[in-house]
Amino acid sequence: QLQPCGGGLVQAGGSLRLACAASGRTFINLGWFRQAPGKEREFVAAVRRSAYSTHYAEFLKGRFTISRDIAKNTVTLQMNNLIPEDTAVYYCAGGDGILSAVMTASTYYYWGQGTQVTVSS
């Protein structure tokens, strides 16, 4: 299971930190996806089990950082310089897909409950 925490309301330019604790097993990939109202779910970031292999959506332009604590089996998403377009429900996910599929939602088979992130202008 994946239990997320964090999120909330922040002004544009601010920061938020999302965390997700995995229990029961270790995944090769831990990722974050988001879904804004009226839009499809999209990939945000992912980290492989090595914890040094990180992957990001191009639109982030370096504003977010994903990290993984192997011992605690947790994944964290540090979000800086937030913009209103980042407003969405954010989901953590776990899967065992190959490297080339790390950005593909269908390769993740465990999903946490979404957590709302709202960025006001």
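Reply: A residue counts as buried under 20% relative accessible area, as exposed over 50%, and as partly exposed in between (1.4 Å probe, protein chains only). The model is predicted: local features need pLDDT of at least 70, side-chain atom pairs count only at pLDDT 80 or more, and totals for chains, interfaces and linings use all residues. Residues are numbered from 1 along each chain as its sequence is written, and side-chain values use heavy atoms, with hydrogens and water left out.

Rings of Phe, Tyr and Trp (its six-membered ring) pair if their centres lie within 6.5 Å; planes under 30 degrees apart are stacked, over 60 edge-to-face, and the rest tilted. This rule gives eight aromatic pairs. In one of them, Phe-27 and Tyr-110 are tilted, with 5.4 Å centre to centre and 55° between the planes. Phe-27 is in the loop between strand E3 (16–22) and strand E4 (29–35), and Tyr-110 is in strand E10 (residues 108–111), 83 residues apart; strands (E, at least two residues) are DSSP runs, numbered from the N terminus. Phe-27 is buried because its relative accessibility is 0%, while Tyr-110, at 37%, is partly exposed.

Phe-33 and Trp-111 also form a tilted pair, at 5.1 Å centre to centre and 55° between the planes. Phe-33 belongs to strand E4 and Trp-111 to strand E10, so this pair ties together parts 78 residues apart in sequence. Phe-33 is buried at 1% relative accessibility; Trp-111 is partly exposed at 29%.

Terms used: Helix = DSSP H or I, 4+ residues; strand = E, 2+ residues; numbered from the N terminus.
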